[in-house]
Amino acid sequence: MAIVTTASPRTQLSAHAPVGAYDRLFYGGMAIALAALVFSGFAPTYYMKFFGDGARATVSGGPFTPLVHLHGALFTGWVLLFIAQTALVASRRLAVHRRLGVAGAVLAAAMILVGTSTAIATAKRGAAPVGVDPLAFLAIPIFDMVLFATLVTAALVLRRNRETHKRLMLLAYISIIVAAVARLPGVLPLGPLAFFGLGYCFVVVAVIYDLVSGRRVHKAYLWGGALLYASVPLRLAIANTGLWHAFAQALTK
């Protein structure tokens, strides 16, 4: 008489990788991919300046002012910090990760201040991509800074919730990646829908990873991702309105 045995649910589950088993690989990979994108986008217009005459003017045609260099240094610091922080988590050096997080909060605050100031100074100078009204274009970086500030603040407030915190930090990074995407060869002439679509595809990648690894999408991606995508038609809709122009003029006085 044959005896048929059925594996218990616990046994069946143990045959599969636990939820989050590949998080260190995923977030480390995203950190590297985003860093590579930043370098690829800004190398022709900024980084190559430090290696001879390779760099052109800024994408708006303006000069490399001290404010632009400070902006570049701070945002490059964020790229390096994100790599360091994901590496610390991957190596389970969480105490160092938390201490470095304090510096990250200060860095993020400086990025918001300097990033906003750089955007306003650029618009005030009348610089923008060819054929674009500088005051209308100002809506793009201003919204970027608002989104970055919102997501970083939420991540810091919810830092004790590890799953939410790391997703919000990734979304904050993605919220400012569009500037690099727009500087990739051939992308800027395609218009904002193209470079926002390409930049925010990292949200889609993160959502897919959640679905594959845990069979559900974390709520941070649901509302944070929705916020990013909703911002695109919103900023494009208001950029050429009289209300925005009045606001932009007040900022650039």
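# A working chat on a helical chain

Trainee: To begin with Phe 26, is this residue buried or exposed?
Mentor: Phe 26 is buried, at a relative accessible area of 12%. Please keep in mind that this is a predicted model. The cut-off for buried is under 20%, so a value of 12% places Phe 26 in that class.

Trainee: How many aromatic pairs does a search of the whole structure find?
Mentor: The search finds 12 aromatic pairs. One of them joins Phe 26 and Tyr 27 in an edge-to-face arrangement, with 5.0 Å from centre to centre and 85° between the planes. Tyr 27 counts as buried, with 7% relative accessibility.

Trainee: What kind of pair do Trp 78 and Phe 82 form?
Mentor: Their pair is tilted, with 40° between the planes and 6.4 Å centre to centre. Both residues belong to helix α3, which covers residues 66-90. They are 4 residues apart there, about one turn of the helix.

Trainee: Tyr 173 is a new name. What does Tyr 173 touch, leaving out residues up to four places away in sequence?
Mentor: Tyr 173 touches Leu 34, Ala 35, Val 38, Trp 78, Val 79 and Phe 82. Tyr 173 also has a place in the largest nonpolar core, a set of 54 residues. In that core, Trp 78, Leu 170 and Tyr 173 are the residues that touch the most other members.

Trainee: Let us step back. How many helices and strands are there?
Mentor: The chain has 12 helices and 0 strands. Of its 253 residues, 41% count as buried. Among contacts in the chain with a separation of 6 or more, 70% come from residues 24 or more positions apart.

Trainee: I would like an example with Phe 143. Where is Phe 143?
Mentor: Phe 143 sits in helix α6, residues 139-157. The residue is buried, with a relative accessible area of 16%. Phe 143 and Leu 234 are 91 residues apart in sequence, yet their C-alpha atoms are 9.5 Å apart in space. Leaving out residues up to four places away in sequence, Phe 143 touches Ser 231, Leu 234, Arg 235 and Ile 238.

Trainee: What about Arg 167: buried or exposed?
Mentor: Arg 167 is buried, with a relative accessible area of 6%. This arginine is part of helix α7, residues 162-175.

Trainee: With which side chain does Arg 167 make a polar contact?
Mentor: The side chain of Arg 167 makes one with the side chain of Glu 163, at 2.8 Å. Aside from neighbours within four places in sequence, Arg 167 is in contact with Tyr 27, Asp 210, His 218, Ala 220 and Tyr 221. Tyr 27 is the residue that pairs with Phe 26.

Trainee: Changing topic, how much space lies in the largest pocket?
Mentor: The largest pocket holds about 1,100 Å³ of space. Its lining has 37 residues, and Val 89, His 97, Arg 162, His 165 and Lys 166 lie nearest its centre. Helices α2, α3, α4, α7 and α10 are the elements that give two or more residues to this lining.

Trainee: Which helix gives the most?
Mentor: Helix α4 gives the most, with 8 residues.

Trainee: A last topic: what is the phi of Arg 92?
Mentor: Phi of Arg 92 is near 60°, a positive value in a residue other than glycine. Most residues other than glycine have a negative phi. Arg 92 lies in the loop between α3 and α4, and at 59% relative accessibility Arg 92 counts as exposed.

Trainee: And where is Arg 215 found?
Mentor: Arg 215 is found in the loop between α10 and α11. Its phi is also positive, near 65°. Arg 215 is exposed, with a relative accessible area of 76%; the cut-off for exposed is over 50%.

Note on methods: Residues numbered from 1 in each chain as written. Predicted model: local features only at pLDDT ≥ 70, side-chain atom pairs only at ≥ 80, totals over all residues. Heavy atoms only, no water. Buried < 20%, exposed > 50% of the residue type's maximum accessible area, 1.4 Å probe, protein only. Polar contact = N/O pair within 3.5 Å; in protein donor to acceptor, adjacent residues only side chain to side chain. Contact = heavy atoms within 4.5 Å. Core = buried A, V, L, I, M, F, W, Y, C linked by side-chain atoms within 4.5 Å. Phe/Tyr/Trp six-rings, centres within 6.5 Å; stacked < 30°, edge-to-face > 60°. 1 Å grid on protein atoms, 1.4 Å probe; cavity = no way out; pocket = protein on both sides within 12 Å on 5 of 7 lines; lining within 4 Å. Points joined across faces, edges and corners; volume = space filled by probe spheres on them.
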